[in-house]
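Q: Hi, could you walk me through a structure I have just opened? I'd like to start with its pockets and then move on to the charged pairs.

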Amino acid sequence: MKIVTFGQRTHEWLQWRKEGVTASEAAIIMDDSPYMTPWRLWAEKVGLAEPDDLSKNPFVQYGIEHEDVARQAFEELHPGEVALPLCAESSEESVLRASFDGVISRKRPVELKCPASKTFGDVIQYGTESAPYKLYWHQVQHQMYVSGADEGFLVFYHESRDLKVFRIVRDDLYLARLVKKAKEFRDRVLKGNPPEKIPERDILIPTGNCAEKWVEASETVKVYDAEIKSLQKKIDEHKAARKDAEDTLKGLLGEYHTGEYNGVRVNRYFREGKVNYNEFLRDKHPDADLSSLSQYKEQAKEVYRITVTDNALPKWSRDESAIDEVEEIKDTYEQSLFW
């Protein structure tokens with residue numbers, strides 16, 4: 001591997017990462033990440049999308065704060081080893097780049113994770129079948145390709161529950177596919193050729209005729225949304241005034257269960273509470289697998305939620321041409337209404 005001297009989280013380091021495919025991006029380009037799609041990663045690489053700011057995320061902060069402690073705990077388990085953090089790119093395919101939490105003898109990478117208690121518990125319970133292990137397995141394989149190692153270590157640390165260390169063996173068949181995908185992805189970035197979007201996970205940003213129809217319908221939604229909010233304010237005020245009067249009537253009813261006078265009837269009755277089936281099963285059938293209740297759920301229904309955001313495009317978008325397009329369509333639409 002070719003070691004680079006950029007300090008982690010510096011501007012130069014960020015630019016270096018942006019120009020290649022990093023270990024943390026391996027699962028994404030292999031389409032096996034629950035957090036990001038290849039299209040979104042591509043959009044960030046070419047400057048059409050703003051990366052999420054994770055600096056204030058408490059889990060990210062916790063991981064950064066405890067990384068040195070986790071590294072020392074790993075070293076204590078492996079006397080004589082020093083897990084040296086460094087940045088490097090592959091000597092064979094420089095597009096593959098890695099910021100190692102640590103590299104020990106025989107160029108073996110050590111990837112350190114400091115997850116929340118629940119995630120750590122999942123790792124302890126399910127081991128190599130846990131979602132975190134499967135996700136970060138890609139990262140360690142990528143790091144082994146960069147360093148040239150035959151094995152690597154995935155380490156989960158929790159300050160109150162010690163370490164869980166996985167030894168991962170190099171998978172050359174997987175790495176051949178990873179290298180191919182990484183080079184194809186980098187080529188798409190250089191040529192501005194986006195990967196196909198995944199409809200279930202990526203966002204639709206309309207263009208052309210679809211954009212024109214979207215603007216017309218969305219402007220109508222915004223007009224009526226504002227009107228509904230105005231009416232709703234009045235409704236809420238009326239409901240509050242009615243509630244005050246209702247409370248007076250309830251007090252006047254006294255010990256009676258029914259009262260009627262001046263065109264208003266008041267009834268008092270008791271409604272049975274709902275059964276908490278989870279609590280019932282825990283008390284009466286403590287060995288029951290509550291996760292199996294999902295098979296008794298009714299079939300899911302397709303639901304749409306339409307929200308007025310007042311943003312021309314999603315907040316993370318940096319696509320100036322798309323912003324210009326939507327503003328131009330809006331101007332044309334508003335002029336057609338005026339004339």
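A: Here is a short chat about this model.

A: This is a predicted model, where local features need pLDDT of at least 70, side-chain atom pairs count only at pLDDT 80 or more, and totals for chains, interfaces and linings use all residues. Residues are numbered from 1 along each chain as its sequence is written, and side-chain values use heavy atoms, with hydrogens and water left out.

Q: Great. How much space lies in the second largest pocket?

A: About 1300 Å³. A pocket here is an open set of points on a 1 Å grid over the protein atoms alone, where a 1.4 Å probe fits, with protein on both sides within 12 Å along at least five of seven lines. Grid points are joined across faces, edges and corners, and the volume is the space filled by probe spheres set on the points.

Q: What's the lining like by class?

A: The lining of the second largest pocket has 25 nonpolar, 6 polar and 10 charged residues. Ala, Val, Leu, Ile, Met, Phe, Trp, Tyr, Cys and Pro count as nonpolar, Asp, Glu, Lys and Arg as charged, and the others, Gly among them, as polar.

Q: Switching to charges: how many salt bridges are there?

A: The count comes to 25, taking a salt bridge as a side-chain nitrogen of Lys or Arg within 4 Å of a carboxyl oxygen of Asp or Glu.

Q: Where in the chain do Lys183 and Glu93 sit?

A: The side chains of Lys183 and Glu93 meet in a salt bridge at 3.4 Å, N to O. This pair links distant parts of the chain, 90 residues apart: Lys183 is in helix H7 (residues 172-191), and Glu93 is in the loop between strand E3 (84-89) and E4. Lys183 is partly exposed at 41% relative accessible area, and Glu93 is partly exposed at 22%. The cut-offs are under 20% for buried, over 50% for exposed and in between for partly exposed (1.4 Å probe, protein chains only).

Q: What about Glu151, which residue does it form a salt bridge with?

A: Arg167, with the closest N and O atoms 2.4 Å apart. Glu151 is buried, at 10% relative accessible area, while Arg167 is exposed at 54%.

Q: Which residues are linked with those two in a network?

A: The salt-bridge network is made up of Glu81, Arg106, Arg108, Glu151 and Arg167.

Q: Which loop holds Asn262?

A: The one between strand E8 (258-261) and strand E9 (264-267). Asn262 also has a positive phi, near 55°, and counts as exposed at 72% relative accessibility.

Q: Back to H8. How far apart are Lys222 and Glu219 in that helix?

A: They are 3 residues apart, about one turn of the helix. Their side chains meet in a salt bridge of 2.9 Å, N to O. Lys222 is partly exposed at 29%, whereas Glu219 counts as buried at 14%.

Q: Last one: is Val140 buried or exposed?

A: Val140 is buried, with a relative accessible area of 0%. Its place is in helix H6 (residues 131-147). Val140 and Arg108 are 32 residues apart in sequence and 9.6 Å apart in space, C-alpha to C-alpha.

How values were computed:
1 Å grid on protein atoms, 1.4 Å probe; cavity = no way out; pocket = protein on both sides within 12 Å on 5 of 7 lines; lining within 4 Å. Helix = DSSP H or I, 4+ residues; strand = E, 2+ residues; numbered from the N terminus.
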